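Hi everyone, thanks for making time.

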Amino acid sequence: MVALQAILPLRPFKALTLHYTPRSTHPRSWASFRCSAAAPGGSRSYSITLLPGDGIGPEVVSVAKDVLVLAGSYEGIKFRFREMPVGGAALDGVGVPLPEETLEVAKVSDAVLLGAIGGYKWDGNEKHLKPETGLLQLRAGLGVFANLRPAAVLPQLIDSSTLKKEVAEGVDIMVVRELTGGIYFGNPRGFGHNEKGEDIGFNTEVYSVSEVDRIARVAFEVARKRQGKLCSVDKANVLEASMLWRRRVTALATEFPDVQLSHMYVDNAAMQLVRDPKQFDTIVTNNIFGDILSDEASMLTGSIGMLPSASVSESGPGLFEPIHGSAPDIAGQDKANPLATVLSAAMLLRYGLGEENAAKIIEKAVIETLDRGFRTGDIFSTGMVLVGCRKMGEEVLKSVESQKQVTSAV
């Protein structure tokens, strides 16, 4: 339980929620969101958009939904779910990776839980008809500019890491990735010809001051609630966009004198994550560097199937999803690890709804399930009990139920 709580700051960020008017029947205030003990009691109701997506997405979302409902019921929380298509499933159904109705439903919900998108089936599609394009459109449509990706090595899974025990033990990193700017969204972009008549493809890495400032403030707030150390990763020795990035992050550091700021070039950061990961606490970086480094950091923990993420905006519902892909090779075979999605549901409760107690119930249940020795194939080791996706979900539900029984006995 301690290790999981250490992954995330225990309080949400005021800067992310100043203008959000909740659509649920429970009129919460963001002041109460900052302290779980202050959260009002009684029955609360929230609308959740479920986006199962492709591959193993429907399997893991189904498990997470059941856990979310049970944990929420112990805190007087009710959920109204609406399942919508996205990615390859949407392409097959209506011909586009993000239907307008899906985005509109997501926008008016209290939070969005996403499974996974993509697969070999659609790899040959034109760009605008790729499942991944739907994910980029979803992020942009929701305005979720800050992606929080924790990577903590749990004691129960220390042997699953490919690093030596002494290197991996105690690793606890949060990567704060800018999500709606940079080279993935910059213009001009496209195809053309150079002076030799050769075909070329080109993209633009571009950031404005406001884009850098808002993600930097989120990162400083995260670092402040963790160990007070922030490393900003860029390529300021080569890229003008990174030069601006470094100038703005450095300037904003004066607003956070309690946070120790350092800078690192992205190539060195990639090396240092493997050489000495414990030197990092909170990392902030741009879209493309964050995409790469967060996946690298995830493998320090032993499996990408264990790690959740939260993508949050200034004024609307957050997007919560496991960081793993759709894994089409094992889709429909009951082999997927649902724990990353279950933990994403915990992040949804904490960051999306301000329901700290319910989030802790889920996190504790995951730890207890691991303590009882249950493992999916990606985290299996000798002496453990190998289970599939559904069975792992059932065992997590048992761990949730055991917490209610203990509370009732007291």
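Helix H6 gives the largest share of the lining of the largest pocket, four residues. Before I go on: this is a predicted model, where local features need pLDDT of at least 70, side-chain atom pairs count only at pLDDT 80 or more, and totals for chains, interfaces and linings use all residues. Residues are numbered from 1 along each chain as its sequence is written, and side-chain values use heavy atoms, with hydrogens and water left out.

Back to the pocket, then. A pocket here is an open set of points on a 1 Å grid over the protein atoms alone, where a 1.4 Å probe fits, with protein on both sides within 12 Å along at least five of seven lines; lining residues have an atom within 4 Å of a point. The largest one holds about 420 Å³ of space, a volume being the space filled by probe spheres set on the points. It has 22 lining residues, and those closest to its centre are Glu132, Leu135, Arg139, Arg149 and Asp291. At least two lining residues come from each of strand E3 (111-116), helix H6 (131-142), helix H11 (287-299) and strand E12 (318-322). Helices (H or I, at least four residues) and strands (E, at least two) are DSSP runs, numbered from the N terminus.

Is Asn286 buried or exposed? Asn286 is buried, with a relative accessible area of 3%; buried means under 20%, exposed over 50% and partly exposed in between, with a 1.4 Å probe and protein chains only. Leaving aside residues up to four places away in sequence, Asn286 touches Arg177, Glu178, Glu205, Tyr207, Val233 and Trp245, where contact means heavy atoms within 4.5 Å.

Now the rings. The whole structure has four aromatic pairs. Rings of Phe, Tyr and Trp (its six-membered ring) pair if their centres lie within 6.5 Å, and planes under 30 degrees apart count as stacked, over 60 as edge-to-face and the rest as tilted. Phe220 and Phe256 are a stacked pair, 4.7 Å centre to centre with 5° between the planes. Phe220 sits in helix H8 (209-225) and Phe256 in the loop between helix H9 (240-252) and strand E9 (260-265), so this pair ties together parts 36 residues apart in sequence. Phe220 is buried at 0% relative accessible area, and Phe256 is buried at 5%. Elsewhere, ring pairs link Tyr46, Phe79 and Phe81 into a cluster.
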